[in-house]
Amino acid sequence: MTGTNGNKLISTGIMGLDEMLGGGFPQGHIIVAIGDSGTGKTTFALHYILDGLLKGEPCIYISIEEEKEAILSAASAYGWDLEKYIRDNKLAILKLDLSDVKTTARRVKSELPEIIGSFGAKRLVIDSITLYSMMFDDAIERRIRLFGLNKAIKNAGITALYTAEVNVDNQLHSKDGMVEYSADGVVFLQQNESEKDIKLIMRVVKMRRIQHDRLYRPYEITGKGILVYSNEMVYQGFGKGADIPGNGR
Ligand SMILES: Nc1ncnc2c1ncn2[C@@H]1O[C@H](COP(=O)(O)OP(=O)(O)OP(=O)(O)O)[C@@H](O)[C@H]1O
Ligand SMILES: [Mg+2]
């Protein structure tokens with residue numbers, strides 16, 4: 001699909017989110033989905049990968065914390081069989097070892113571009129970029145590593161989705177406070193608590209090159225994955241409504 005100003009758009013695989021973006025993520029961009037624990041970041045990433053696989057695109061899923069089996073079983077719980085794509089050499093799930101910083105850093109720097117190239121991958125997931133960054137103790141090294149990784153991904157021409165943990169003290173930023181500035185696009189996933197219930201809300205904060213919806217929209221995680229209600233408003237007084245800028249005012 002082509003966007004209003006000629007960008008090729010890559011479907012996110014998430015019903016409702018594509019509508020918020022006018023079609024999907026711009027090709028070749030790095031997008032980060034930032035959210036608290038349990039807001040559906042891994043599910044989001046699985047949707048994105050599955051959509052690519054269904055279109056015949058080779059995909060790479062880099063998991064930092066969860067084992068390959070855990071990723072496969074999370075997908076299978078939604079009814080998505082990823083194993084057949086691994087057998088067909090269309091999907092690679094790579095688990096990075098955090099305990100061996102040097103080897104992991106070297107693999108990401110030198111092997112990743114090679115793997116992307118030889119695999120002919122069109123979509124890449126890193127789940128999560130926060131855990132990758134946190135591997136490096138020094139803030140300057142963290143920045144250098146992140147920017148180096150972004151550059152390698154840009155050079156490879158792949159469309160990448162990172163997941164990131166939110167900063168608990170400032171819900172409008174990621175934990176490392178860096179990834180949202182270096183990414184081309186940012187989507188926030190939030191859990192909003194009220195006295196009555198807890199609701200999930202999603203917001204596209206930035207998406208370079210395209211016009212997009214900026215409002216918070218409710219979403220659900222069902223047995224079939226994430227469903228965004230892209231036409232529904234999040235009203236003031238909804239949850240901690242006073243904290244939500246931009247909607248219903
Ligand atoms: N098969 C399923 N059917 C329905 N809901 C599910 C299913 N799998 C997960 N969920 C719901 O989705 C939530 C989020 O799952 P997910 O693992 O995608 O979140 P996450 O943001 O990646 O979490 P974490 O911070 O632990 O990495 C779960 O806590 C659960 O409520
Ligand atoms: Mg996760």
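Two strands are taken to pair if DSSP finds at least two bridges between them, and helices (H or I, at least four residues) and strands (E, at least two) are DSSP runs numbered from the N terminus. The structure is a predicted model, in which local features need pLDDT of at least 70 and side-chain atom pairs count only at pLDDT 80 or more, whereas totals for chains, interfaces and linings use all residues. Residues are numbered from 1 along each chain as its sequence is written, chains are lettered from A and ligands numbered from 1 in the order in which they are written, and side-chain values use heavy atoms, with hydrogens and water left out.

Strand 9 and strand 10 (residues 198-207) pair in the antiparallel sense over nine bridges, and the two form a hairpin with four residues between them. Within this pairing, Met207 in strand 10 is the bridge partner of Gly185. Strand 9 also pairs with strand 3 (residues 30-35), here in the parallel sense and over five bridges, with Val32 standing opposite Val186 in strand 9. Seven of the nine residues of strand 9 are buried, so the strand is largely enclosed by the rest of the structure; buried here means under 20% relative accessible area, exposed means over 50%, and partly exposed lies in between, as computed with a 1.4 Å probe on protein chains only.

When residues up to four places away in sequence are not counted, Asp184 touches Gly28, His29, Ile30, Lys154, Lys206, Met207 and Arg208, where contact means heavy atoms within 4.5 Å.

Beyond strand 10, the pairing continues through strand 11 (residues 217-222), which runs antiparallel to strand 10 and is joined to it by three bridges; Met202 stands opposite Arg217 in strand 11. Strand 11 in turn pairs with strand 12 (residues 225-228) in the antiparallel sense over four bridges, and a hairpin joins these two strands through two residues. In this second pairing, Thr222 stands opposite Gly225 in strand 12.

Helix 2 gives the most, with three residues. Of the 13 residues around ligand 1, Gly40, Lys41, Thr42, Thr43 and Tyr78 come nearest, a residue being near a molecule or strand if one of its heavy atoms lies within 4 Å of it. By class, the shell has three nonpolar, eight polar and two charged residues; in this scheme Ala, Val, Leu, Ile, Met, Phe, Trp, Tyr, Cys and Pro count as nonpolar, Asp, Glu, Lys and Arg as charged, and the others, Gly among them, as polar.

Polar contacts, defined as pairs of N or O atoms within 3.5 Å (within protein, one atom must be able to donate a hydrogen and the other to accept it, and residues adjacent in sequence count only if both atoms are side-chain atoms), involve both backbone and side-chain atoms at ligand 1. An oxygen atom of ligand 1 is 3.1 Å from a polar backbone atom of Gly38, and a backbone N or O atom of Thr39 lies 3.3 Å from an oxygen atom of the ligand. For Lys41, a polar side-chain atom lies 2.8 Å from an oxygen atom of ligand 1. The protein covers 58% of the 650 Å² of accessible area that ligand 1 has on its own, with accessible areas taken from the Shrake-Rupley method with a 1.4 Å probe and, for residues, only the protein chains shown counted as cover.

Several loop residues were also examined. The peptide bond from Asp127 to Ser128 is cis, with omega near 5°, and Ser128 is placed in the loop between strand 6 (123-127) and helix 6 (129-134). Asn89, in the loop between helix 4 (83-87) and strand 5 (91-95), is a residue other than glycine with a positive phi, near 60°, and counts as exposed at 57% relative accessibility. Arg209, in the loop between strand 10 and strand 11, has a positive phi of about 75° although it is not a glycine, and is exposed, with a relative accessible area of 52%.
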